[in-house]
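Hi,

Here is the structure I promised to pass on.

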Amino acid sequence: MQNIFEKSQPGQKAYSLPRKEAVWNGFTPPQELVRHTSLPLPEISEIDLTRHFSLLARRNMGIDTHFYPLGSCTMKLNPRVNEWCASLPQFQRTHPLAPIDTVQGNLHVIYSLIEFLCDVTGMAAGSLAPNAGAQGELTGVKMISAYHAARNDSGRDEMLVPDNAHGTNPATAAMVGYKIISLPTASDGDIDLDLLKKAVGPKTAGLMLTNPNTLGLFSSKILQITKIVHDAGGLLYYDGANLNAIMEIVRPGSMGFDVLHLNLHKTFSTPHGGGGPGAGPVFCNQKLAPYLPYPQVLKTSQGYTVQWESEQSIGHIATFFGNFAIYLRAYLYALLHGRAGLRRIAENAVLNANYLKKKLGEIFTLPYPQHCMHEFVLQADRFLDKDVRALDIAKRLLDYGFHAPTIYFPLIVKECMLIEPTESESKATLDSFIEAMQAIAQESMANPELVRTAPHTQPVRRLDEVQAARIPKLQALIS
């Protein structure tokens, strides 16, 4: 397919400006703003421009067009009714600084969603302000820091993080100023309690983890883990990226966690990817509630009001209340499914993952063969003697019409593929994916060169990623 510059034709344009109106003819721009060289832009008609971008859109691979088993991301269906709700003019045309009595509906949504998600997570209070999961992590860890500071416990400068954690966990803790203490994963995929006991102490500020973890395994030791950390004076932070597997089955608060964030774009089906918009609301127990960011929406006998500051709060974490349109999507999703529906979502996500794990475990290595939760880890190490790696299998999947799973994460698993089907996918789709993986496994043995050079049917073929990273070719098109 030609790029837009290759389609350029002299004299063509995709715009029209008035030629005869007196106002236009009389307009003289300031001379200091007039360009003396032409812009190096393509010249193309409006219909050709429309067709160009429409064809490009058809080549995109996303959740609306392909199975997207991206592990630890929960790439589920985003219901179109959510988009309808978020586009209602009564919500779109409001402003966060509008008089309180004119935005009671908005404040009701914020208050009600916090109340609902507190119940789902087993927490006492929350804030919707953070604009992404990573910012939610930052908020929660800053709250932990504020809690220890308020108790004059300034010696707690260490944060414990499992070696299978999301990469944002240690990065977030480091941003708040903590030293990272990595906890090795035991052979069963869980935290080693003996190593945990040795790691905790008077310097421990807290432990960051998710349950189920990024290996897709639920920790049967979680109550022991929380007791060890709490007995040492530390707090527990729950990474809510994997909540989709446990909704209405078990609550993080019941496991002993003190604070958490939720990825609304994952569990509650708001748009995922593309750099935003995002939302990573934070929820906590009663002892951390004073440190939540402001503003806070309060309910009174006369309606809703806003508290714009608080003495113990960590302060602002985002502009005003965060991304309100994302809350609308999540709120409607929660209302439409209800408590029983959220449980079915979790159950079906776990069922789909275990079905795939059972079938694909006959083809690939299963480093953790026990039942999984919402996702699971495969190892593509059986084909290394053919010089076929996880990256090659991921590229070849594109030729079969499937987005690749997450690869090489968690880092502790050699030639790792992390697969999460979510509850959205039908058995027919899962079976097609299994057939594609079986075919690629056979190709890896019989014709490994075909796999190593994939993809073969995509607009962009195999790139030299190492060279692209080391020797980037960047050239400005506009001077």
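Predicted model: local features only at pLDDT ≥ 70, side-chain atom pairs only at ≥ 80, totals over all residues.

In which strand is Gln-296 found? The residue belongs to β8, which covers residues 296–300. (Helices, H or I of at least four residues, and strands, E of at least two, are DSSP runs numbered from the N terminus.)

Residues are numbered from 1 along each chain as its sequence is written, and side-chain values use heavy atoms, with hydrogens and water left out.

Back to Gln-296. With a relative accessible area of 18%, Gln-296 is buried; that word means under 20% relative accessible area, exposed means over 50%, and partly exposed is in between (1.4 Å probe, protein chains only). Its side chain reaches the backbone oxygen of Pro-293 at 2.9 Å. Once neighbours within four places in sequence are set aside, Gln-296 is in contact (heavy atoms within 4.5 Å) with Gly-126, Ser-127, Thr-305, Val-306 and Gln-307.

Leaving aside neighbours within four places in sequence, Thr-226 is in contact with Leu-236, Met-255 and Gly-256.

Now the charged pairs. Side chains of opposite charge can pair when their charged atoms come close. How many salt bridges does the structure hold? There are 18, counting a side-chain nitrogen of Lys or Arg within 4 Å of a carboxyl oxygen of Asp or Glu. A few of them:

- Arg-80 and Asp-64 form one, with the closest N and O atoms 2.5 Å apart. Arg-80 is in helix α3 (residues 80–86) and Asp-64 in the loop between α2 (46–58) and α3, so the pair ties together parts that are 16 residues apart in sequence. Arg-80 and Asp-64 are exposed.
- Arg-156 and Asp-153 meet at 2.6 Å, N to O, in a salt bridge. Arg-156 is buried at a relative accessible area of 12%, whereas Asp-153 is partly exposed at 24%.
- Glu-443 and Arg-396 form a salt bridge at 2.9 Å, N to O. Glu-443 lies in helix α14 (residues 427–446) and Arg-396 in helix α13 (residues 390–399), so parts 47 residues apart in sequence are tied together by the pair. Glu-443 and Arg-396 are buried.

There is also a network: Asp-119, Glu-248, Arg-251 and Arg-339 are joined by salt bridges that share partners.

Next, a sheet. Three strands form an open sheet in the order β10-β12-β11, with antiparallel pairing. Why is one side of β10 and of β11 left without a neighbour in the sheet? β10 (376–379) and β11 (406–407) stand at the edges, each with a single partner strand. β11 pairs with strand β12 (residues 416–419) in the antiparallel sense over 2 bridges; for two strands to pair, DSSP must find at least two bridges between them. Thr-406 has Leu-418 in β12 as its bridge partner.

Met-1 lies in the segment before α1 (22–25) and is partly exposed at 46% relative accessibility.

Cheers

Conventions:
Polar contact = N/O pair within 3.5 Å; in protein donor to acceptor, adjacent residues only side chain to side chain.
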